[in-house]
Amino acid sequence: MKIYEEKIAPNARRVRMFLAEKGLLDKVEFEQVDLKAGDNISAGFRQKNPIAKIPVLEMDDGSFLSESIAICRYFEVKYPKHPLMGTSPEQQAIIEMWQRRCEIYFMNIVGMGFQHTSGYFSDRMKPVKEWGEVCVKSIPKFFQLLDAHLAESKYIAGDEFSVADITAYVTMDFAKVIRTRPSEDLVNLKRWYDLVSTRESARV
Ligand SMILES: N[C@@H](CCC(=O)N[C@@H](CS)C(=O)NCC(=O)O)C(=O)O
């Protein structure tokens, strides 16, 4: 199996982190795609993913799977050891809830903030600076929400580390690119961030 990715891209990182947690990194080979150069918007790459984004997993039968969480789900079901998406119905639902919260209201907003304020992809989209700034300004509100939640919860979705932590952690790091970090007084968020940073998967 092969994953098309770009090492610095947050969505690629969350899949790598997921595989590292499950001890599956050696099951796949990685091929780098140069996003800035537009490799992902070529006609050839669109055959792999019509949405023209990475990561993309190429299966052994030559078919392609994209969307980070769909790729994670595939590995979770195929290799259930070290579950990261929950086992009981309740745990699965709670993890899904937090993973979606972190993706929709945090990762996507940081992504919009980056794309619309930096103009990094201005060859393929029209950056709207004001929209980017609105997104960047809204990020601290999500930091506060996470901080309040983490006062009661060891990890994002309960006592166990999960895919929701991966999405949130990768996004916290990516937010630094747009110079957005949680304020020092958010001690619960800091406690959680430092805890996740000790994991080996945080370094892949
Ligand atoms: N919802 C998708 C998002 C994928 C995505 O936005 N990937 C970014 C890199 S983090 C990308 O390929 N950007 C290139 C572009 O927009 O041209 C997923 O979960 O995989």
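Which residues make up domain 1 and domain 2 in the domain assignment of this protein? Select 2–78 for domain 1, then 89–203 for domain 2, and give each its own colour. Keep in mind as you look around that this is a predicted model.

**Stop one: where the domains meet**

With both domains coloured, look at how they sit beside each other. Their centres, taken over C-alpha atoms, are separated by 20 Å. The contact draws 11 residues from domain 1 and 12 residues from domain 2. Now select helix H1 (10–21) and helix H3 (68–78), which each supply at least two residues to the side of domain 1 that touches domain 2. H1 gives the largest share of that side, with seven residues. Sorted by class, the residues on this side of domain 1 are seven nonpolar, one polar and three charged.

**Stop two: the sheet**

Switch to a cartoon view and find the open sheet of four strands. Reading across, the strand order is E2-E1-E3-E4, and the pairing is mixed. Pick strand E2 (29–32) and strand E4 (64–66): each stands at an edge with a single partner strand, so one side of each has no neighbour in the sheet. From one strand to the next, the twist averages 25 degrees.

Next, select strand E3 (residues 56–58) together with E4. These two run antiparallel and are joined by three bridges. Show Leu-57 and you will find Leu-65 of E4 standing opposite.

**Stop three: two backbone details**

What kind of peptide bond joins Ile-54 and Pro-55? The bond is cis, with omega at about 5 degrees. Pro-55 belongs to the loop between helix H2 (43–48) and E3.

Then move to Glu-67, in the loop between E4 and H3. Although Glu-67 is not a glycine, its phi is positive, at about 80 degrees.

**Stop four: around the ligand**

Which residues come nearest to the ligand? Select Ala-9, Asn-11, Lys-53, Ile-54 and Ser-68, the nearest of the 13 residues around the ligand.

**Stop five: a pair of helices**

For the last stop, select helix H4 (residues 89–118) and helix H5 (residues 129–150). Their axes come within 7 Å and cross at roughly 145 degrees. The crossing of H4 and H5 is left-handed.

Show the side chains where the two helices meet. On the H4 side, the contact includes Tyr-105, Phe-106, Ile-109 and Val-110. On the H5 side, look for residues including Trp-131, Val-136, Ile-139 and Phe-142. Glycines take part too, among them Gly-113 in H4 and Gly-132 in H5. By class, the contact of H4 with H5 has 10 nonpolar, six polar and two charged residues.

Definitions and conventions. Residues numbered from 1 in each chain as written. Predicted model: local features only at pLDDT ≥ 70, side-chain atom pairs only at ≥ 80, totals over all residues. Domains from an automatic or database assignment. Contact = placed C-beta atoms within 7 Å. Nonpolar A, V, L, I, M, F, W, Y, C, P; charged D, E, K, R; others polar. Pairing = 2+ DSSP bridges. Axes fitted to C-alpha atoms, helices over the stretch in contact; angles between N-to-C directions. Left-handed = near helix turned anticlockwise from the far one by under 90°. Near = placed C-beta within 6 Å.
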